[in-house]
Every structure is written in structure tokens, then in C-alpha cells.
Amino acid sequence: MSIAKRPNGKYRARYRDISGHEHSRHFDRKADAERWLAAVKTSIARGEWIDPALAKVTVGDWAARWIANQVQLKPSTRFRYEAVLRNQVLPVWERVALSAVAHTDVGEWVRRLSDAGLAASSVRQAHRVFSLLLAEAVRDGRLPRNVAVGVRLPRVGKAEKTFLTHAQVADLADAAEPHGLIVRVLAYTGLRWGELAALKTKRVDLTRRRLLVAESMTEVNGKAVFGTPKTHQRRSVPFPRFLVDPLTDQITGRVRDDLVFTAPEGGVLRNNNFRRRAFDRAAEAVGLKGLTPHELRHTAASLAVAEGANVKAVQRMLGHASAAMTLDVYADLFEDDLDQVADRLDQAVTARSADCLRTAPAGPAFDAVRPPAKKQARRVGRAGLEPATEGL
């Protein structure tokens with residue numbers, strides 16, 4: 001590192017990076033040049049030095065490289081990320097250099113999105129995508145830190161869930177005929193719509209009463225795309241005995257790779273078409289206007305818990321990534337378990353006390369199990385400046 005005065009009176013500060021490349025900068029004052037070199041020396045020692053040339057790339061150019069390399073994304077997720085970049089991120093940040101993005105600027109961008117009326121969930125999604133591409137720039141050595149981390153985000157309120165009873169499911173299925181079996185399968189297995197639409201005949205085990213969820217259908221820009229389920233994990237989902245005969249009739253005459261449920265004219269069953277042709281009309285007819293097919297998944301969880309299913313069983317049935325996720329989504333369904341635990345504890349203590357009174361002989365042995373006599377509460381008087389507290 002060195003500082004030299006140039007013929008024009010300016011001071012040129014120079015240093016070599018860890019790869020041996022030289023970098024320089026000119027200053028009007030020698031003190032400014034010294035401070036700059038000291039800062040560079042400190043960042044190199046801490047392992048925080050960033051090549052200025054790498055940080056000059058614009059957000060737009062970096063976003064294009066970043067999204068192209070996200071090979072792990074499902075087609076629907078990639079399509080959604082691309083839409084967020086196109087509609088929320090790039091209109092503001094496209095021509096801004098990565099090094100020029102500041103934490104406060106990101107916070108103001110989030111606030112403007114909220115002020116423009118964008119839903120809280122959409123604002124959080126936009127921030128997530130922007131934060132992901134900045135995090136990749138940090139890993140690539142272009143930024144010292146992710147300035148999007150820690151930005152205050154709008155809260156997302158939890159939507160109220162609708163849980164149908166057995167009678168309501170039956171009424172809805174009857175009103176949706178000839179598509180009632182779809183309603184019943186969704187309500188009693190908890191399959192996602194894409195999993196139902198991708199279900200093939202070979203994955204229906206009528207003997208063991210199991211549906212093997214190994215594939216899912218997603219609509220991407222109007223096209224049906226088949227891939228792995230949401231968590232990329234296969235799972236075996238049980239179905240009630242009363243669905244055996246209807247499912248048998250449904251798959252009779254189909255070959256192993258045929259879809260179990262198809263559109264009336266053949267082909268993949270689309271959610272929007274199903275709602276328009278049958279579901280929305282049926283829901284309104286039974287007093288459930290606004291209900292969606294996905295909400296039958298909530299009903300499946302509710303009915304299972306009502307019959308004694310624990311959180312782990314519900315997690316496996318629904319294909320959640322963890323039991324914690326199941327509890328987060330359906331915490332209200334498991335509140336009764338706490339009351340049942342308290343009731344069982346009460347019954348156990350009551351039964352033990354009754355048993356002792358009924359069978360134990362009088363004398364020292366009986367006294368050993370008898371609860372100790374309750375002591376007489378005494379009054380605690382004042383002590384110094386302490387307040388008079390009674391019955392401690």
C-alpha cells in the first residue's frame with residue numbers, strides 16, 4: 001500500500017488485493033487517502049474485502065444470472081419468482097449497482113409497496129425474492145452483507161379457516177354430482193388439488209385403502225406441469241372404507257398410467273374449470289358460498305383430529321414438512337388435547353385416592369399414603385419496611 005502525490009496536486013492511494021491485482025483511488029487530501037487505505041487494510045484482515053469491480057454489476061444483470069441458476073425451484077415457484085422480479089423488484093432496482101443498495105433504501109421500497117396497496121403477503125414475497133438474490137451476491141463475494149436482512153415487513157393476518165362437518169361434506173358432495181367423489185376424496189384424505197389431479201390408477205391401493213402421493217400437477221402460465229409433491233416426498237395416505245366402492249368404480253376400465261380424475265372432455269382436471277362448472281355452484285347451494293376446494297384440506301385435518309389423530313399422524317397425512325408446521329397451521333384443533341390431559345390427570349388422582357380409601361387398612365401403613373393434614377394458614381406481620389403480605 002502506498003500514497004503518492006500526483007503532478008495535478010491530488011494524492012493517489014494504491015494497494016494490491018489478495019490475488020495480486022492493483023487498485024487505486026485519487027483524493028484531494030492526503031488524510032482522506034490514508035483513511036481509505038486504513039479501511040481497506042482492515043477489511044482485508046477481517047476477510048470482508050470486496051472487489052469494487054464485482055459490486056458494480058447492476059441488480060438487473062445480477063437478477064438475470066441469479067434466477068437462471070435456481071435449478072432447484074419447482075416450475076410454479078420459478079414462474080412466481082420471475083413475476084415478482086418483473087413487477088416489483090426490477091422497476092425500482094434494475095439499473096442500481098449492487099454496491100449502491102442500502103438498508104434504508106430497501107426499507108423505503110417495502111413501505112412504498114405497502115402504501116401502493118399491495119397485500120402484506122405480496123410485499124413479503126417481493127422482499128424475500130430481493131433478499132435471496134442479494135444473499136447470493138454476498139456468497140459470490142460481491143457484497144459484504146445482505147442489506148435486506150432486518151428490514152421491517154408488514155404483518156400478515158391469519159385467514160379464518162372453514163371446517164366442515166360430516167353432514168356438510170355429504171351435502172356438498174351431493175350438490176356437486178357427478179363430481180361428488182372428488183369432494184369426498186379431498187375432504188377425507190387432505191390431498192392438495194395438484195396431488196389429486198396427478199393421481200394415477202396404479203397409485204390407488206384398494207386392498208390396503210391407500211393413495212400413494214408421488215406426483216403433483218401445477219398450472220404454470222396456463223400449462224399443466226407435472227412434478228414432485230410440494231415437499232418432494234412421497235407419502236401414503238389412508239382413505240375411509242366407504243370410499244372403496246366409489247374409487248373402484250372410478251378406476252374400472254382404466255390402465256395403470258391413466259389419471260383417476262379427469263376433465264369431462266378428458267385431459268387434466270383444472271382447478272378453475274372445476275370450480276366454475278361444479279364446485280362454486282354446489283358450495284353456494286348448501287350455504288357455503290366462497291368455499292374453495294383447498295379448504296377441504298382443512299376439513300380433512302379437522303375430522304381426523306376429532307377422531308383422535310395426533311399431530312404426527314395429521315402431519316403425515318397432509319404431507320407437511322414437519323409437525324411444527326402442522327401445529328402452526330392447525331393449533332386450534334389441538335387445544336382440546338390439553339383439556340383431555342388435565343381431565344385424565346384428575347381422573348388418575350381421584351381414582352388413586354378412592355382406591356386408597358377403599359382398600360388400605362387403618363394404621364401406620366394407611367397414614368403413609370394419606371395426604372398430609374392441611375396446615376393452618378398464619379398471618380405474617382410487618383417486618384421493617386416490607387409490606388404486610390398475608391398468606392405467603
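First, a term I need: a residue is buried when its relative accessible area is under 20%, worked out with a 1.4 Å probe on protein chains only. Also a reminder to myself that this is a predicted model.

**Entry 1: helix α2**

I looked up which residues of α2, running over residues 59-68, are buried. I got V59, G60, W62, A63, W66 and I67. Then I looked down the axis of α2: the buried residues fall within an arc of 160°, so they line one face of the helix. What lies over them? Among the elements covering the buried residues of α2 are α3 and α5, the latter being residues 120-139.

**Entry 2: one serine in α3**

Next I picked S76, which belongs to helix α3, residues 75-93. Is S76 buried or exposed? Its relative accessibility is 19%, and the cut-off for buried is under 20%, so S76 counts as buried. I then checked its contacts, skipping neighbours within four places in sequence, and found T218 and V220.

**Entry 3: α11 against α12**

On to helix α11 (residues 295-306) and helix α12 (residues 311-318). Their axes are 10 Å apart, and the packing angle is about 150°. Angles over 145 degrees count as roughly antiparallel, so that is what I wrote down for α11 and α12. I noted the crossing of the two as right-handed. Which residues meet here? From α11 I listed R297, A300, A301, A304 and V305, and from α12 V314, M317 and L318. Sorting the residues of this contact gave me seven nonpolar, one charged and no polar.

**Entry 4: α12 against α13**

α12 also meets helix α13, residues 323-330. The axes of α12 and α13 come within 9 Å and cross at roughly 95°. These two helices are therefore roughly perpendicular to each other. On the α12 side I found V311, V314, Q315 and L318; on the α13 side, A323, T326, L327 and Y330. This contact sorts into six nonpolar, two polar and no charged residues.

Methods
Residues numbered from 1 in each chain as written. Predicted model: local features only at pLDDT ≥ 70, side-chain atom pairs only at ≥ 80, totals over all residues. Heavy atoms only, no water. Helix = DSSP H or I, 4+ residues; strand = E, 2+ residues; numbered from the N terminus. Buried < 20%, exposed > 50% of the residue type's maximum accessible area, 1.4 Å probe, protein only. Contact = heavy atoms within 4.5 Å. Axes fitted to C-alpha atoms, helices over the stretch in contact; angles between N-to-C directions. Parallel < 35°, antiparallel > 145°, perpendicular 65-115°, else oblique. Left-handed = near helix turned anticlockwise from the far one by under 90°. Nonpolar A, V, L, I, M, F, W, Y, C, P; charged D, E, K, R; others polar. Arc of directions from axis to C-beta.
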